[in-house]
Amino acid sequence: MANKEPTQDGTAETDGLEIPELVSRPRRNRKSEAVRSLVRETHLRRDNLIWPLFVVDGSSQKIPIDSMPDCFRYSPDVLVTEAKEAFKRGIPAVALFPALPDSLKDRLGTESTNPEGLLQRTVRQLKDALPELAVITDVALDPYSSDGHDGIVEDGEILNDETLEVLAAMSVSQAEAGADIIAPSDMMDGRVGRIREALDAAGFTSVSILSYSAKYASAFYGPFRDALDSEPRSGDKKTYQMDPANCEEAVREVFLDEEEGADIVMVKPALAYLDVIARVKSETMLPVAAYNVSGEYAMLKAAARLGWLDEEAAVMETLLAIRRAGADMILTYFARDVAERL
Ligand code: PBG
């Protein structure tokens with residue numbers, strides 16, 4: 001555009017329109033993909049991704065989950081094949097969740113420490129086939145509990161200290177099976193310290209703890225509970241999972257987990273809690289994980305299936321936003337698809 005004589009108030013006139021003389025033009029940094037890539041602040045890489053997987057007993061099983069399109073409950077043999085494929089695509093870690101029949105559930109979650117249990121067998125098969133893949137195991141009673149709660153229930157109350165003993169034994173059992181990272185998702189007080197102590201006493205000083213430090217009592221876990229049939233049989237999880245209204249409290253939980261020996265801290269869910277991720281990232285020197293949970297997955301899938309959203313673009317934007325908020329790593333059911341695209 002031709003230069004115009006500035007008027008007295010610092011504007012130029014073009015066809016009667018007043019055009020300000022701009023010094024700052026942020027659009028210059030957006031003018032081409034090459035320039036945009038130079039100034040890009042956040043990146044999503046394959047090695048930021050953790051793929052959560054549901055495992056069911058049997059062989060050659062790939063059972064769909066209604067509320068989580070394109071996610072399946074895999075039997076251990078199929079799960080190993082899927083994990084191989086994901087590892088080849090550059091995903092460094094998977095997180096395992098066992099789906100058990102009611103016949104194996106009881107009040108104390110006894111099956112959780114069975115060395116021949118489904119989870120333990122799956123971990124061994126995975127580590128045999130893929131020693132370099134990091135295997136993360138979930139520590140909480142809910143998949144094993146006839147009450148569908150993360151702790152032991154007595155007269156409607158979730159017992160804290162009694163539950164810690166089960167969680168500690170479960171963690172050691174998972175470490176014996178070969179888990180690289182133990183991930184307590186139960187939200188009992190003091191569990192990270194108790195688990196660290198039990199792992200160390202059993203000689204597993206190099207097994208890590210990824211703590212679900214700030215896990216909220218969220219409506220976004222619904223599809224996951226369908227996948228595992230782990231809906232609480234009575235009551236809700238509000239006496240142990242956090243109130244969605246709180247952020248300061250998340251920082252307190254993170255500090256406690258740090259003191260108790262956590263190696264990585266996590267915020268869950270991710271999307272409605274980006275402020276919490278950002279706050280936690282600024283308060284801790286530990287790596288921060290975020291869980292892009294089942295309900296967040298289901299929302300995008302549903303809208304995409306109705307033709308209301310471009311799935312690929314919406315997923316990339318979502319995961320990038322979680323990274324931008326401060327998450328170093330993301331657990332997401334989109335991991336394998338995204339790894340292919342990156
Ligand atoms: C339970 C657990 C839950 C999830 C991971 N571990 C559900 C719950 O607390 O009820 C949810 C994951 C998701 O929704 O994707 N210990």
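How many salt bridges does the structure hold? It holds 29, a salt bridge being a side-chain nitrogen of Lys or Arg within 4 Å of a carboxyl oxygen of Asp or Glu.

1. **Ground rules.** This is a predicted model, where local features need pLDDT of at least 70 and side-chain atom pairs count only at pLDDT 80 or more, while totals for chains, interfaces and linings use all residues. Residues are numbered from 1 along each chain as its sequence is written, and side-chain values use heavy atoms, with hydrogens and water left out.

2. **The Lys-301 bridge.** Lys-301 pairs with Glu-311 in a salt bridge, with the closest N and O atoms 2.9 Å apart. The pair links distant parts of the chain: Lys-301 is in helix α9 (residues 294–305) and Glu-311 in helix α10 (residues 311–325), ten residues apart. Helices (H or I, at least four residues) and strands (E, at least two) are DSSP runs, numbered from the N terminus. Lys-301 is buried, at 2% relative accessibility. Glu-311 is partly exposed, at 22%. Here buried means under 20% relative accessible area, exposed over 50%, and partly exposed in between (1.4 Å probe, protein chains only).

3. **A network.** Lys-301 and Glu-311 also belong to a salt-bridge network with Asp-70 and Arg-305. Asp-70 sits in the loop between β4 (62–64) and β5 (72–74). Asp-70 is partly exposed, with a relative accessible area of 42%.

4. **Two further bridges.** Glu-312 forms a salt bridge with Arg-341, the closest N and O atoms being 3.8 Å apart. Glu-312 lies in helix α10 and Arg-341 in helix α11, so this pair ties together parts that are 29 residues apart in sequence. Glu-312 is partly exposed at 45%, and Arg-341 is partly exposed at 30%. Asp-47 bridges to Arg-45, with the closest N and O atoms 2.9 Å apart. Asp-47 is partly exposed, at 46% relative accessibility. Arg-45 is partly exposed too, at 44%.

5. **Arg-336.** Is Arg-336 buried or exposed? Arg-336 is buried, with a relative accessible area of 16%. Its place is in helix α11 (residues 335–341). Neighbours within four places in sequence aside, Arg-336 is in contact (heavy atoms within 4.5 Å) with Trp-51, Tyr-74, Glu-82, Ala-86, Arg-89 and Ile-91. Arg-336 and Ile-50 are 286 residues apart in sequence, yet their C-alpha atoms are 9.0 Å apart in space.

6. **Helix α3.** The twelve residues of α3 (residues 118–129) should span 16 Å at 1.5 Å a residue, and the end C-alpha atoms are 17 Å apart, which agrees. The expected span is 1.5 Å times one less than the number of residues. Buried residues of α3 are Leu-118, Leu-119, Gln-120, Thr-122, Val-123, Leu-126 and Lys-127. They pack against β3 (49–55), α2 (76–88), β6 (93–98), β7 (134–139) and α4 (161–177).

7. **The ligand.** There are 18 residues around the ligand, and Ser-185, Arg-225, Lys-268, Ser-294 and Tyr-333 come nearest. A residue counts as near if one of its heavy atoms lies within 4 Å. A polar side-chain atom of Asp-142 lies 3.1 Å from a ligand nitrogen. For Asp-150, an N or O atom in the side chain is 3.3 Å from a nitrogen atom of the ligand. For Ser-294, a side-chain N or O atom is 2.7 Å from a ligand oxygen. Taken alone, the ligand exposes 400 Å², and the protein buries 100% of that. Areas come from the Shrake-Rupley method with a 1.4 Å probe.

8. **Asp-229.** The loop between α6 (222–228) and α7 (248–260) holds Asp-229. Asp-229 is partly exposed, at 41% relative accessibility. Asp-229 touches Asp-102 and Lys-105, not counting residues up to four places away in sequence. Asp-229 and Asp-102 are 127 residues apart in sequence and 8.9 Å apart in space, C-alpha to C-alpha.

9. **Backbone points to check.** Most residues other than glycine have a negative phi, and most peptide bonds are trans. Phi of Asp-70 is near 70°, a positive value. Met-187 also has a positive phi, of about 65°. Met-187 lies in the loop between β10 (181–184) and α5 (191–201) and is buried, at 5%. The peptide bond from Lys-268 to Pro-269 is cis, with omega near -10°. Pro-269 is in the loop between β12 (264–268) and α8 (274–283).

Technical notes:
A polar contact is a pair of N or O atoms within 3.5 Å; within protein, one must be able to donate a hydrogen and the other to accept it, and residues adjacent in sequence count only if both atoms are side-chain atoms.
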